[in-house]
Amino acid sequence: MTHAPRSLSRLRSLGLSLVEMMVALTIGLLLTVGLFSMFTTSSQAFKVQDDFARMQENATVGLRYIGDSVRHAGFFGYVLDANNIVNQGVAMDATDCGLANWALNLTQPLTGFDLTTLNVNATLPCINASNFQNGQVLVTRSAIGIRIPDPNSDGDVSDGIAAQTNFNTTIYVQSDPNAGLMFYGSNFAALRGAGTTRRLPNNNDVDVFQLSALVYFIRPCSRPTGSAGTVCQAGDDGGQPIPTLVRKELTGSGMVEAPLVEGIERIDFRYGLDDSNDGVPDRFVRAPTAAEWVNVVSVKVSLLVRSPSLIRDYDDSGKNYDLDGDNVVDFNCNPALATPLPVACYYKRKVFSQSFQVRNLAQRRGA
């Protein structure tokens with residue numbers, strides 16, 4: 001059985017013509033390009049939001065560290081005059097940050113410096129010049145605001161001190177309104193037995209606190225590789241050194257360097273001076289005189305924070321950053337207007353500021 005041949009018009013109606021196929025391919029290509037563009041835009045927007053969120057998080061953490069230290073500065077228990085705290089055999093080692101027992105100078109709980117790599121080690125020997133980025137340094141001294149517990153509730157804090165990590169070499173302070181003492185944890189029991197420690201009328205020990213001395217500054221790298229991982233070098237952090245907020249911490253009888261927050265590129269301190277003795281700052285200065293430190297009642301902290309990673313299609317060279325509000329440029333990634341742009345110009349940046357009250361004023365003014 002044979003079939004009738006299809007007509008020519010019937011054959012032409014089957015399938016797509018070349019023009020129709022080209023139109024379909026063009027429409028599909030346009031849709032693909034649109035979807036790809038939308039995906040790229042969404043991805044870039046997500047990265048911008050993520051970078052800003054991480055910058056804000058880093059700024060918040062950095063300001064919290066510094067703010068807590070400023071608020072605690074000058075707290076050494078309950079004594080009214082830090083001059084009445086007697087040193088009971090405590091001595092700093094070679095990693096101290098200045099003259100003998102510099103970290104134990106309780107009569108100067110808050111101070112600052114404006115230094116460069118050329119003079120930082122002469123001023124503060126505990127800071128290696130390679131680990132310092134030109135700028136300001138903040139020093140706080142206080143007792144940590146958590147008292148040592150009395151586990152046995154017998155009024156004798158010796159057992160509470162003995163339960164602390166590395167208590168033998170850790171420095172503590174104990175004081176009542178009249179007087180106080182500074183001592184190693186290993187010596188407390190003997191001092192108590194000799195009647196040297198401070199006690200309440202019921203013979204219970206007055207609260208004991210751990211001593212703290214902190215030095216805040218900016219280090220040019222996050223993970224040093226020089227000198228067995230302690231000194232910054234140009235090739236650190238994968239060849240792109242990450243500026244990092246660090247601090248020297250009183251640990252035992254020495255100062256130990258501890259990194260805090262990455263991406264903190266510049267730091268600025270402005271000290272609020274109370275000239276009228278009403279507890280409210282009348283003016284803010286960058287560098288109080290030696291006689292003015294006793295009148296510092298607040299500290300304004302400004303941080304220049306950069307994005308965690310560089311962005312190749314971003315140009316920050318057109319932005320000037322003024323940390324202290326004096327209309328003077330404190331930072332520009334490309335001050336020489338170099339071409340091509342330096343690597344520093346491929347980071348996003350933002351300034352974050354916060355003021356903190358210096359709460360423990362009575363001891364300094366009483367002294």
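How many bridges join strand β2 (residues 110-115) to β3, and in which direction do the two run?

I began with the terms of the model. It is predicted: local features need pLDDT of at least 70, side-chain atom pairs count only at pLDDT 80 or more, and totals for chains, interfaces and linings use all residues. Residues are numbered from 1 along each chain as its sequence is written, and side-chain values use heavy atoms, with hydrogens and water left out.

Entry on β3. I looked up the pairing and found 6 bridges between β2 and β3, which run antiparallel. I took strands as DSSP runs (E, at least two residues; helices are H or I, at least four), numbered from the N terminus, and two strands as paired if DSSP finds at least two bridges between them. Asp114 stands opposite Gln136 in β3. I then checked β6 (residues 208-219): 6 bridges join β3 to this strand, again antiparallel. Here Ser142 stands opposite Ser212.

Next I asked why β3 counts as largely enclosed by the rest of the structure. I found that 9 of the 9 residues of β3 (residues 135-143) are buried, so the strand is largely enclosed. Buried means under 20% relative accessible area, exposed over 50%, partly exposed in between (1.4 Å probe, protein chains only).

Entry on the open sheet. I noted 4 strands in the order β10-β9-β11-β12, with antiparallel pairing. β10 (283-285) and β12 (349-357) are the edge strands, each pairing on one side only. Neighbouring strands of this sheet are turned by 25 degrees against each other on average, direction ignored; axes are lines fitted to C-alpha atoms, for helices over the stretch in contact, and angles run from 0 to 180 degrees between N-to-C directions. Tyr271 has Val285 in β10 as its bridge partner.
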